[in-house]
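Q: I'm new to this one and would like to go through it piece by piece. Pick any residue and start there.

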Amino acid sequence: MGNSKIYSNAKSALFDIKSGQSIMSGGFGLCGIAENCIDALTKIDVKDLTIISNNIGNSGRGLVKILIQDKIKKAYCSYVGGNPDLEKRMLDQSIEVELIPQGTFSERIRAAGLGIRAFYTPTGYGTLIAEGKDVKEFDKPCILEEALHADFAIIKAQKADLYGNLWFKETARNFSPLMAMAAQTTIVEVEELVDLGDISPEDIHLPGLFVQRVFVGSNYKNDIEFLKLEDKS
Amino acid sequence: MSWTKEEMADEVIAMFHNDCSVNLGIGIPTLIAERIPQKKNIMIHSENGVLGVSGRPNKSSVSPTLINAGKETIAIAKGASFFDSSLSFGMIRGGHIDFCVLGGMQVDCEGNLANWMIPGAKVTGMGGAMDLVHGSKEVIIMMTHLTKKNTPKLLKLCSLPFTGKSVVHKVVTDMGVFKPHNGKFTIIKLAPNIDKVILQMNDLLN
């Protein structure tokens, strides 16, 4: 097994991203975001990107860095609370935002990766989300939701081996393995790159089949958004 | 006298049976995780990908990758598990979560819930709420009884966009516990010294 998937840094791994392309970006709030890839995007001359990410950054951090550079034309996400930069652009319509219920969001991405073209779900029935969508009655009324694809996924894992098998830490997994399956090209940054066999086959969260490029990231901030500690009183 | 947030949380906890699974929404509901008695043996689910939340960490166990859906640091119990967002929402949509407790802006007597946007003024997004209200076996809304302008949040019909249609089972406010039933609200319990006049729900009550 060669090292053909291994890149030296974010800049080299993101060499072919172009204006107008779509990028899925993993993470829940700031937990598990691809910090190095996002920083690299701030320095690449691209515009009119479509970004698919649960929060599009938060509290001025993460993807907000490229949002305030006006590089995003359209965003797919489920929650903009805690992201005033996005909420403001959404209300003044300087960016197009499609809000998607989070379970539908993750399932549309999973479906894209696994060859499911569309599925029926009760989520969103009777709400604004259902407008214009096909409705079918099962045990209860359901709406038709289609798979969501992207040109690239930028995700972070704690560990990868040389084939790109991934292991995620705690709740940092969230949307990342789904996005890796759904994108044409998946770029993974990791804190640790290990030899083949160093992650036990039983412990691999995502097989490297879905991963095209891997690099070891640096200078991780791993920001905590809301630090809450136990009350000792 | 109205209930405090802690007393509201305890009213919700009293509805949980032993060994059940519970999803807690952002805001007041997260208070529940810190107050559930251990002996109830409840598994708390957070939709960002963890089953088995057990309250707050201490300084040595806190981890930036261990958070709840409100992006707050958490601790986990023995027997906890981590998973991706698709499996997490599969647990919800698939009907495997017994209770979800969400915040609300408005609930009406048809059981409709509004809690994700105020057109032209505020958009937070629905997050996982639209999935939770359709998947959980019982949907409990926890909110203050009155708006900042002192008008009730329990209405004949929600004026804000729905999060879900006919999905709410119970509402716990600082004034009481209510159940949408037959096109009106039934009072299940009132906080001390709260009467029907204070509730401002005259013709909406069964």
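Q: Glu170(A), then: buried or exposed?
A: Glu170(A) counts as buried, because its relative accessibility is 19%. Buried means under 20% relative accessible area, exposed means over 50%, and partly exposed lies in between, with a 1.4 Å probe and protein chains only.

Q: Before I go on, what are the ground rules here?
A: This is a predicted model, where local features need pLDDT of at least 70, side-chain atom pairs count only at pLDDT 80 or more, and totals for chains, interfaces and linings use all residues. Residues are numbered from 1 along each chain as written, chains are lettered from A and ligands numbered from 1 in the order written, and side-chain values use heavy atoms, without hydrogens or water.

Q: Back to Glu170(A). Where is its place in the chain?
A: Glu170(A) sits in the loop that links strand E9 (166-167) to helix H6 (176-182) of chain A. Helices (H or I, at least four residues) and strands (E, at least two) are DSSP runs, numbered from the N terminus.

Q: What is the phi of Glu170(A)?
A: Positive, about 45°, although Glu170(A) is not a glycine. Most residues other than glycine have a negative phi.

Q: Which side chain does Glu170(A) join in a polar contact?
A: That of Ser63(B), at 2.5 Å. A polar contact is a pair of N or O atoms within 3.5 Å; within protein, one must be able to donate a hydrogen and the other to accept it, and residues adjacent in sequence count only through side-chain atoms.

Q: And where is Ser63(B) found?
A: In chain B, in the loop between strand E3 (50-53) and strand E4 (76-82). Ser63(B) is buried too, because its relative accessible area is 8%. Apart from neighbours within four places in sequence, Ser63(B) is in contact (heavy atoms within 4.5 Å) with Glu170(A) and Thr73(B).

Q: So that pair crosses between chains. How many residues of chain B are in contact with chain A?
A: 47 residues of chain B, which meet 49 residues of chain A. The two chains bury about 4,000 Å² between them, 62% of it on carbon and sulfur atoms. That area is the accessible area (1.4 Å probe) lost when the two parts are put together, summed over both.

Q: Which three residues supply more of the chain B share than any other three?
A: Thr65(B), Lys71(B) and His134(B), with 18% of the area that chain B buries against chain A.

Q: What does helix H3 of chain B pack against?
A: The buried residues of H3(B) (residues 85-93) pack against helices H5 (102-114) and H6 of chain A, and against strands E1 (21-24) and E2 and helix H4 (129-135) of chain B. Those buried residues are Ser85(B), Ser86(B), Ser88(B), Phe89(B), Met91(B) and Ile92(B).

Q: What happens at the start of H3(B)?
A: A side-chain oxygen of Asp84(B) comes to within 2.8 Å of the backbone nitrogen of Ser86(B). Just after H3(B), Gly95(B) has a positive phi of about 80°.

Q: New topic. Which residue other than glycine has a positive phi near 65°?
A: Asp19(B). It is found in the loop between helix H1 (5-13) and E1 of chain B. Asp19(B) is exposed, because its relative accessible area is 54%.

Q: How many cavities of 30 Å³ or more are there?
A: Five, in a search of the whole structure. A cavity is a set of points on a 1 Å grid over the protein atoms alone where a 1.4 Å probe fits but cannot get out, and lining residues have an atom within 4 Å of a point. Grid points are joined across faces, edges and corners, and volume is the space filled by probe spheres set on them.

Q: What space lies in the largest cavity?
A: About 100 Å³. Residues that line the largest cavity include Leu24(B), His45(B), Arg56(B) and Ile74(B). E2(B) gives the most to that lining, three residues.

Q: And the volume of the second largest cavity?
A: About 80 Å³. Among the residues that line it are Leu30(A), Phe168(A), Asn222(A) and Thr65(B). Strand E8 (residues 150-161) of chain A gives the largest share, three residues.

Q: Last one: Where is Pro192(B) found?
A: In the loop between strand E14 (184-190) and helix H5 (196-199) of chain B. Pro192(B) is partly exposed, because its relative accessible area is 45%. Not counting residues up to four places away in sequence, Pro192(B) touches Met1(B) and Trp3(B). The C-alpha atoms of Pro192(B) and Leu204(B), twelve residues apart along the chain, are separated by 21 Å.

Note on methods: On a 1 Å grid over the protein atoms alone, a cavity is a set of points where a 1.4 Å probe fits but cannot get out, and a pocket is an open set with protein on both sides within 12 Å along at least five of seven lines; lining residues have an atom within 4 Å of a point.
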